[in-house]
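Take a moment to turn the model around before reading on. Then follow the text from the whole fold down to single residues.

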Amino acid sequence: MSVLNSLQRPRNLYDRRGVPRYWFNIAPVLAEHLEPLPPPQGTDAQMALVQRVIVPECLRQEMSAEPWVKIPRELQQMYVWPLNRPRRLVRLTAFEKELATPAELWAMTEFDSPTGSHKINTAFAQAYFAKQAGKKRLVTETGAGQWGTAVACAAAAFDLASTVFWVRNVMQWKQNRLQAMQNYGAEVFPSPSDCTESGRRVLAEHPEHPGDLGIAISEGVETAAKDPDACYVLGSVLNHVLLHQTIIGLEVKRQLEAADRYPTAMVSCFGGGSNFGGFILPMMGEMLCAGKKDVRFCAYQSASFPNLVEGVYQYDDPDHAGLLPKLKMYTLGTNWRGDTIRAGGLQYHGASPIISLLRHYGYVEARTFPKDENFVLTCGRLFAKTTGWNPAGESAYAIAGAVDLAIDAKGGRKHPIIVMNISGRADMEMDTYKK
Ligand SMILES: *Cc1c(COP(=O)(O)O)cnc(C)c1O
């Protein structure tokens, strides 16, 4: 019987406002219906490094076989305020009209997040567990900047220090976001920096190096490893990150049931897979348990970083320096050099192991939009015109995906119900839309 069935799910799954009291862990469902998640593979030194730098409770969650993981009470309260949950599932009637589609378009949005994206949902969880473990400082890297902002905000909420290594060429153009991180009290370094050995090594050869995520990860891990009071936190890809993000999908499920709707398709943008996974996994779990395949789960990426579409399903390094254990995932390889795109959050070489397994078994569809991003950003602008909200460039891929499906629906006899997840807003980087 389904773990999401009313008999199997916790009786008090939601509070009176509709905010989940548990996260949903799909690992045991995968083990029962497909195959167990392939574990990370690493040398003793890599495994020891992970033990030293990752938040201990998050490591436990990474391997957990429990379908429901209780959200600590204090954290659950923080999801309500200051994180403003539950998010609201809304129907986009003006947008439907503009497209003249017979499809119903619904959107869940992370617009009410204080830092502007879904990343805050796991940042608060990781900061909470770091604090519980007696840590004093969070260290991380950031590429597009949303993750760094979320970590800085969460660290401040739990009275922790935060250190962010930010890919230099992005940091240079996102001044508003830098100010937001500094308001939260973060120390922010352009990466490559001269505060780490890995940074200094790169700078010695290329003093003007623009930076990349791989270097920034090495700098962050190295810094955290040197400070026993510090933890290294990651914003996507890993199982525990997707676990925390299932708060999105659980809220969606409840609100879809309240609206008496069952989705034809659930669509979202895809970088490392955390917003997509958090959004779809509760529905996916229910479908797998019921032995059905009646919802399409569609991930949209850039042709510049098509990890799910063109990647190979194999063990690969999550970071360029190879400090961390290998993960089994759809990967383009750590030496992949995609062109820079506006939707910087979608630039990563690998896909979450959970989503990779589901893709391998044909439960996830993936498509790319061209590197020029013209169609994607046009869809983002149309969304802004018809709703008043400017979506993040990354989220515009979800909207473009929904538009694609809605156009396909024309002429059909059915009225598909397309639910999209909008991972964030664009306020701190409106230059994304500059022509
Ligand atoms: C980071 C980010 C993404 C991409 O990361 P996923 O882990 O694939 O969700 C998408 N949208 C926004 C707004 C982001 O900040």
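What follows starts with the overall build and then visits a handful of residues.

This is a predicted model. The protein contains 17 helices and 14 strands. Its radius of gyration is 20 Å, close to the 22 Å that the globule rule gives for 435 residues, so the protein is as compact as a globular protein of that length. Along the principal axes, the C-alpha atoms fill a box of roughly 65 × 50 × 40 Å.

How much of the protein is buried? Buried residues make up 63% of the 435. The accessible surface comes to about 17100 Å², and carbon and sulfur atoms own 49% of that. Now look at the contacts with a separation of 6 or more. Of these, 75% join residues 24 or more positions apart. Charge comes next. There are 46 positive and 44 negative side chains, and the centres of the two sets lie 6 Å apart.

Now zoom in on N25. This residue sits in the loop between strand 1 (22-24) and helix 1 (27-33). Is N25 buried or exposed? N25 counts as buried, because its relative accessibility is 8% and the cut-off for buried is under 20%. Its side chain reaches two backbone atoms. One is the backbone oxygen of S64, at 2.9 Å. The other is the backbone nitrogen of A27, which lies 3.1 Å from a polar atom of that side chain. Beyond its sequence neighbours up to four places away, N25 touches S64, A65, E66, P67, V69 and L243. W68 is 43 residues from N25 in sequence, yet their C-alpha atoms are 5.9 Å apart.

R73 is exposed, with a relative accessible area of 65%. R21 is 52 residues away along the chain, and the C-alpha atoms of R73 and R21 are separated by 7.9 Å.

Move on to T142, in strand 5 (residues 137-142). T142 has a relative accessible area of 2%, so it is buried. What does T142 touch, not counting residues up to four places away in sequence? The list is W147, G148, V164, F165, W166, V167, M181 and L213.

S198 lies in helix 10 (residues 197-205). It is buried too, at a relative accessible area of 13%. Leaving aside neighbours within four places in sequence, S198 is in contact with S218, E219 and E222.

Last comes the backbone. Most residues other than glycine have a negative phi, and most peptide bonds are trans. Which bonds are cis here? One runs from R85 to P86, with omega near 5°. P86 is in the loop between helix 4 and strand 3 (89-91). Another joins S191 and P192, with omega about 5°. P192 is in the loop between strand 7 (187-191) and helix 10.

V237 is not a glycine, but its phi is positive, about 70°. V237 sits in the loop between strand 8 (230-232) and helix 12 (239-258). D260 also has a positive phi, near 60°. Its place is the loop between helix 12 and strand 9 (265-269). Which of these is buried, and which is exposed? V237 is buried, at a relative accessible area of 8%. D260 is exposed, at 66% relative accessibility.

Notes
Residues numbered from 1 in each chain as written. Predicted model: local features only at pLDDT ≥ 70, side-chain atom pairs only at ≥ 80, totals over all residues. Heavy atoms only, no water. Helix = DSSP H or I, 4+ residues; strand = E, 2+ residues; numbered from the N terminus. Buried < 20%, exposed > 50% of the residue type's maximum accessible area, 1.4 Å probe, protein only. Contact = heavy atoms within 4.5 Å. Rg over C-alpha atoms; globule rule 2.2 N^0.38 Å. Areas by Shrake-Rupley, 256 points an atom, 1.4 Å probe, with all protein chains shown as cover. Lys, Arg positive; Asp, Glu negative; His and termini not counted. Charge placed at Lys NZ, Arg CZ, Asp CG, Glu CD. Polar contact = N/O pair within 3.5 Å; in protein donor to acceptor, adjacent residues only side chain to side chain.
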